[in-house]
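Hi,

Here is the structure I promised to pass on. Have a look at it first, and then read my notes below.

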Amino acid sequence: MCILFATREHPDYELIMISNRDEFLERKTHSTCWHNDDFILSPYDLARIGAGQSNDTFGTWTGVNRKGRVATVLNLRICDELDMKRMIGERSRGALPFVFLNDRQGNFEDWDTYAKFCKCYPDIKRTGDFNLFYGDFKEGRYALIDSLGNTHPLFSKPGKGYLVISNNIHDKLHLQSQDINSGPEEWGKIKKGKQIMEEFVKTNTNLGKEDVIENCFKLASTNLILDKITEEFDLVKSLGVTKETIYVQPLLTPPHEEIGSPLTAGQYYGTRSQIVLLVDKSKTKATFIERIIYSSDQDISLYSTSNPKEELRYEYDIE
């Protein structure tokens, strides 16, 4: 269950974003790089190549661009029961960040609601269920939309500059779908994450940039379920537990089990990589760091959050 933290409350930064990607460790992925004519900076997914899509078609879960935009998409799990029709769309939800980041002429206002995003990219209705956080550093405007058609402007009031979201329905949004009868349940990792994020801002003022970055990764590596782990702990038994912890340790996937993913790869699922983004208060400079903890099942005995397999760091000027 991926998770995203974002805040504008830190006095030294326009935006701090922290993102964990929870996925099968063996899933084919390209690490962060500049692409699309050196305009977009992001990692990107390669798992769908060879599965009906061409080599130049891929998606990402998070990225930024030269003009000062950011976008992060997460799967949205509507209910506890697996609904593969809702989870798997004709179009990859990973295309959503790309189409927004690759727009070089428009303003954020052209995209700032679900309806406007749909007008710019009609295939949004053909993706699997999603939460999408996106915005523009220079304009200082951000929003969260989801596949139910909800739109929530973010960070518009002082003291309200925090967002913690996972694969759940955002607790501030009103459900519009008639086939969902219950209100959104706040997951344990979200409730605890909000507390941790507010405390993070309070304790990370007057610190140097490198200390802030390291503390961002420490936040992303918070394991809230150590006391619940046993040698028999596996993914199927722990789907509920993954709603409770920010960092998800590698979990074994029993063979032939239905876990709700059409693109399983290897035996282990967990927090595969972490990304930290800092945007200076001047809105002219950004730092984007990806730490790849694991990229194969064999890596789990060699690497950890404190000793990641790879780190990629990019510092760039916002145009």
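A word on naming before anything else: helices (H or I, at least four residues) and strands (E, at least two) are DSSP runs, numbered from the N terminus. Bear in mind that this is a predicted model, where local features need pLDDT of at least 70 and side-chain atom pairs count only at pLDDT 80 or more, while totals for chains, interfaces and linings use all residues. Residues are numbered from 1 along each chain as its sequence is written, and side-chain values use heavy atoms, with hydrogens and water left out.

Overall picture

The protein chain holds five helices and 14 strands. It has 319 residues, of which 53% count as buried (buried is under 20% relative accessible area, exposed over 50%, partly exposed in between, with a 1.4 Å probe and protein chains only). Take the contacts (heavy atoms within 4.5 Å) with a separation of 6 or more: residues 24 or more positions apart make up 63% of them.

The cores

I looked for nonpolar cores, meaning sets of buried Ala, Val, Leu, Ile, Met, Phe, Trp, Tyr and Cys residues joined through side-chain atoms within 4.5 Å. The largest one has 51 residues, and Phe117, Phe133, Tyr134, Phe137 and Leu277 have the most contacts inside it. Helix α2 (residues 95-101) gives the most to this core, namely five residues. There is also a second, separate core of 23 residues, with Tyr13, Ile196, Ile246 and Ile289 among them. In soluble globular proteins, nonpolar side chains tend to be buried together.

Back to Leu277: setting aside neighbours within four places in sequence, its contacts include Leu15, Val64, Phe137 and Phe288.

On the α4 side the contact is made by Ile196, Met197 and Phe200, and on the α5 side by Val212, Asn215, Cys216 and Leu219.

Two loop residues with positive phi

Asn206 is exposed, with a relative accessible area of 76%. Asp37, in the loop between β3 (29-35) and β4 (40-45), has phi near 60 degrees, again a positive value in a residue other than glycine. Asp37 is exposed too, at 71% relative accessible area.

Is Phe155 buried or exposed? At 8% relative accessibility, Phe155 counts as buried, although it lies in a loop, the one between β9 (151-154) and β10 (162-165). Beyond residues up to four places away in sequence, Phe155 touches several others, including Ala6, Leu15, Phe133 and Tyr162. Its C-alpha atom is 7.8 Å from that of Arg141, 14 residues apart along the chain. Arg141 itself is found in strand β8 (residues 141-146) and is partly exposed, with a relative accessible area of 32%. Among the contacts of Arg141, leaving out neighbours within four places in sequence, are Glu109, Asp112 and Asp136.

Cheers
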